[in-house]
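Here is a short report on one protein chain. Look over the sequence and the structure first.

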Amino acid sequence: LLVEASERNITPVQREHVHRNFFDYGTQQAIDEDWAPVSTIQCPSSFSRPDIILDVNTDDQYQLMSKLYDELYSINTRFSIHDTIAWMDKYRNNN
């Protein structure tokens, strides 16, 4: 499917974020149900935080993720999404 997706007329965003060739998060539907019948799960409200971005596309984002991993991984190598959210909230309040 990845090879087929690369051969389609895809946008720069779809090229960078390959999952967007298969699923439209706005409509919550597969892009082409016959070609690639995929779905996603609904994010549990206990950790739904659309305000937190964990992408690494810029140096600033890399620096932030590096700090997060340096601090959380040193405490617990199996840190969770809840640890990540708490760290992000603390980081934002201190900056």
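## A loop residue

Is Gln28 buried, exposed or partly exposed? This is a predicted model. Gln28 has a relative accessible area of 37%. Buried needs under 20% and exposed needs over 50%, so Gln28 counts as partly exposed.

Gln28 sits in the loop between β1 (23–24) and β2 (29–30). Its phi is near 60°. That is a positive value in a residue other than glycine.

## The nonpolar core

The largest nonpolar core has nine residues. They are Ile52, Leu64, Met65, Leu68, Leu72, Phe79, Ile85, Trp87 and Met88. The largest share, four residues, comes from α3.

Take Ile52 from the core. Leaving aside neighbours within four places in sequence, Ile52 is in contact with Ile85, Met88 and Arg92. Ile85 and Met88 are also listed in the core.

## The pockets

The largest pocket has a volume of about 260 Å³. Its lining includes Cys43, Phe47, Ser48, Arg49 and Pro50. Ile52 and Ile85 line this pocket too, and both belong to the largest nonpolar core.

His17, His19, Arg20, Tyr25 and Asp55 line the second largest pocket. That lining divides into one nonpolar residue, two polar and two charged.

Definitions and conventions: Residues are numbered from 1 along each chain as its sequence is written. This is a predicted model: local features need pLDDT of at least 70, side-chain atom pairs count only at pLDDT 80 or more; totals for chains, interfaces and linings use all residues. Side-chain values use heavy atoms; hydrogens and water are left out. Helices (H or I, at least four residues) and strands (E, at least two) are DSSP runs, numbered from the N terminus. Buried means under 20% relative accessible area, exposed over 50%, partly exposed in between (1.4 Å probe, protein chains only). A nonpolar core is a set of buried Ala, Val, Leu, Ile, Met, Phe, Trp, Tyr and Cys residues joined through side-chain atoms within 4.5 Å. Contact means heavy atoms within 4.5 Å. On a 1 Å grid over the protein atoms alone, a cavity is a set of points where a 1.4 Å probe fits but cannot get out, and a pocket is an open set with protein on both sides within 12 Å along at least five of seven lines; lining residues have an atom within 4 Å of a point. Grid points are joined across faces, edges and corners, and a volume is the space filled by probe spheres set on the points. Ala, Val, Leu, Ile, Met, Phe, Trp, Tyr, Cys and Pro count as nonpolar, Asp, Glu, Lys and Arg as charged, and the others, Gly among them, as polar.
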